[in-house]
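Here is a friendly walk through one structure, written to be read with the model open beside you.

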Amino acid sequence: MRFHQTLLFIIHKISGQRSENAPYYLLKGKKSGQTIQDVTYFQLHAFFSILPQLSKEDYDAAIAELINGNFIQLKESLVHITEKGIEALPQDKKVLLNGWQYRGKEQIFWKRIDLVVQTLSQFRANEKKFVPNQKDLATQHFVKDYLIQHNYREFNLSTDIKREIVHLLENPLLDDLHRTLFIYRLSGYKKAGLTWEQLTRYYQMTDLSIKISFLECLHIMLDNISVETNPRLVDLAKDIHIDTPLTDSAFKTNSLFEKGYTMDEIAKIRKLKINTIEDHVIEIVSTNKNFSISTFISKEQVERVLHLSNELHTKKLTIIKDRIPEVSFFQVRLALTKGEQIHE
Amino acid sequence: MNKLNEILQKKFGHASFRDGQQEIIEQMIDGKDVIAILPTGMGKSLLYQLPAYLMEGTVIIVSPLLSLMQDQVEQLKIIGEKRVIAINSFLPFQERELAIRHLADFKFIFTSPEMLQNEQFNRALKNLSIAYVVADEAHCISQWGFDFRPDYLRISNWLHSLNDVNVLALTATATKDVVEDIKNTLRMNNPFEYIHSLDRAAIAYEMVEVENQQEKMNWILGRVTSTEGPGIIYTQSRKKTEVYAAMLREQGISIAYYHAKMEQSDRILIQQQFQQGQLDWICATNAFGMGIHKDNIGQIIHDHIPSSVAGYMQEVGRAARDGKQAIASLLYTSTDVEHTFYVAMQDFPEEQDIHIAYQPEYAEVEQAETTTRILAYWKERLNEQETIQLFKQIKQKKWQDIQSFYSMIQNDTCIRRQLLHYFDQTLLEKPAHCCSKCRLDVTSVLRKRKDEKNNQDRLNWKNRLNILLPS
Ligand SMILES: [Zn+2]
């Protein structure tokens, strides 16, 4: 998906309910309660934290282009998708990203595979003296251990890795753009990879669109990597999949819940505001379906909130709370978060 | 065969020493302080690498250029040396801790002047048996040098705290004043001085005056499309690197731009593409060139008057490492002096900035990073008026430097002779192809470009993968 399409896709989901900046925080992976709860409310897991380096200038420019092209509108500080925008949405394109799961860690996988291929390529050419593309010591140490474990001196490793890469790339979810980007970013003996600038020029695409495609490729590869089909590459994906995709702070709060502390007690122990703990609860509920919310809100209240939200076609907290004054904002958020999981 | 030559061949794969190398290394092994001035590309790294294998203890290399440090470590690893590390602010905290605890395991420790302030690191260093300390890029010690790094001055106290350790000072550019500064700051004791001629006989110099910017573009277009590279075009702005590269690419030239704002991964790839010959030309700001390993660069083009002779020498010095004839061309207009001064002064603290720096609430004011660093240093030593005076002097010196560069290319004297004169050296022998003032016949220096248009192949991922990992 191109960058503008991605943006349009996200705006389509939050249309009329959030400001035009909400997608920016989502793409950057802002770890605030609001952004994290929106991920679940609007089912935007795919796009969370996919462009941590996105600049506000580039983002604002893209928004301005969408407005000028009459794909979106801003009304009362909310962003709306137009009919033209809906028509321009990517057709039958599957969402290939999995930002919520990888959180930028796919880059670690990339660095490892880049250095492994470069090293093996040099060794195949009998030129063991070379300058590694990847400079950070963690990657270098990891790859060194990996190569020793996999008996890199044997010819098998290089052919196995080649076969496994081809296997992953031939996944029908990917197209030739993905495959080409992945392979041409790699380097080897006397063949340095291509820069983003060279690739954008070749494909006549923007830098962000190229980078999103590359990311899609990494995510699909990681989604499909397994011991059975990729016995060599699976080790390069070690510690890339996040088991509990919680922020560190929410993780600590969660541990205290597990030990049986109440929300007030946790706020006191952690010297945090109760609002922050509420944000953590939303985050925990977003990621863990089995987390019980019965101590915070009754089953009936959840149902009332969800019913109203459906009836009024809104996820705006103020509108819902106005109609059911006895529930708190936190409870509305909680109900909406839980509601999305029921629909999944 | 003596021990030196044996190591030279076995460890470094060279058949013989270059000028001066053996002399310097022998002095170091004898326990003398050495100051060596030799042009870039003349094998200065061998000078600190080789003696390590004949001496007990660790070698500490202090270098102010973090970007070069990584490359120096890699070069040692390439010859199979594993006991090497760079301890600087880039090293993640935990790895740094671990390295400091095991300092004695390393034969070569690269570090920055800033790091020498770190107490924990310093304590560990004191327990080490040190073979010698290397002060790399030593001209940065001198405030008169074109690349003054105030933090580097702190090396003086640090050396004093070590007991009687030998020092090797290395630089590719130093006038007499700078050499004196280096000797004093490094507390050198009657050092052995080796001064290699900074002349590069294989580089011809060509100075071309044009009317305006458009003529520069046309000249570059004509030159690059008709003659052979590989080459580097140096310009002053990031925007211009991109404009030139696009213009030349349209003519079928294999070229890329390079500047500091690019992502690191892309900078690495461009550098490698150029080294491996996938690119013929690079159009760059002065951010390009350090740590580049390419012997066959045939042309260096400047589209401006450089802000210092030393910087210029460093940039043209990247040509002709293989000893084959190369040419350095410089295009200028009569208004370039002002422009270069303007560029050089962009980050330079004005009286106003200095005044602000001396205010108590200074910490909250944002200034350019280099400005902050330099001002912080002088603030500890001088009062406000003295600092203002000092910077006036430095500013004036910069203006003079640029002016003298301009008059050097304007007068009738041989360029080569004048460049050397700047470093208080004399020209012993003029090469056949000298400079545009010595009736240089440019056509006999340049090779005609073989007319092969650079058609970009269709990308084919399967083919490419088979090339990377052949069956
Ligand atoms: Zn001459």
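This is a predicted model: local features need pLDDT of at least 70, side-chain atom pairs count only at pLDDT 80 or more; totals for chains, interfaces and linings use all residues.

Residues are numbered from 1 along each chain as its sequence is written, chains are lettered from A and ligands numbered from 1 in the order in which they are written, and side-chain values use heavy atoms, with hydrogens and water left out.

**A buried strand in chain B**

Five of its five residues are buried, so strand 6 of chain B is largely enclosed by the rest of the structure. Here buried means under 20% relative accessible area, exposed over 50%, and partly exposed in between (1.4 Å probe, protein chains only). In a regular strand the side chains alternate between the two faces of the sheet. In strand 6 of chain B, Val167(B), Ala169(B) and Thr171(B) point one way, and Leu168(B) and Leu170(B) the other way.

Strand 6 of chain B runs parallel to strand 1 (residues 34-37) of chain B, joined by four bridges; strands pair if DSSP finds at least two bridges between them. Ile37(B) has Thr171(B) as its bridge partner. Strand 5 (residues 130-135) of chain B also pairs with strand 6 of chain B in the parallel sense, over three bridges, and there Val134(B) partners Leu168(B).

**Where chain B meets chain A**

In this interface, 36 residues of chain B are in contact (heavy atoms within 4.5 Å) with 45 residues of chain A. The buried area, meaning the accessible area (1.4 Å probe) that two parts lose on being put together, summed over both, is about 3800 Å², and carbon and sulfur atoms give 58% of that. Leu459(B), Trp461(B) and Leu469(B) supply 21% of the area that chain B buries against chain A, more than any other three residues.

The rule finds five salt bridges across this interface, a salt bridge being a side-chain nitrogen of Lys or Arg within 4 Å of a carboxyl oxygen of Asp or Glu. Helix 4 (66-78), helix 11 (264-275) and helix 19 (461-468) of chain B each supply at least two residues of the side that touches chain A. The largest share, eight residues, comes from helix 11 of chain B.

**Salt bridges**

Over all chains, the structure holds 32 salt bridges, including these:

| Pair | Closest N to O distance |
|---|---|
| Arg249(B) and Glu197(A) | 4.0 Å |
| Lys462(B) and Glu170(A) | 2.9 Å |
| Asp160(A) and Arg163(A) | 3.4 Å |

Lys395(B) lies in helix 16 (residues 384-410) of chain B and Glu350(B) in the loop between helix 13 (336-344) and helix 14 of chain B, so the pair ties together parts that are 45 residues apart in sequence. Asp160(A) is buried at 16% relative accessible area, whereas Arg163(A) is exposed at 53%.

**Two single residues**

Lys315(A) sits in the loop between helix 16 (299-312) and helix 17 (317-323) of chain A and is buried, with a relative accessible area of 18%. His355(B), in helix 14 (residues 351-357) of chain B, is partly exposed at 35% relative accessibility.
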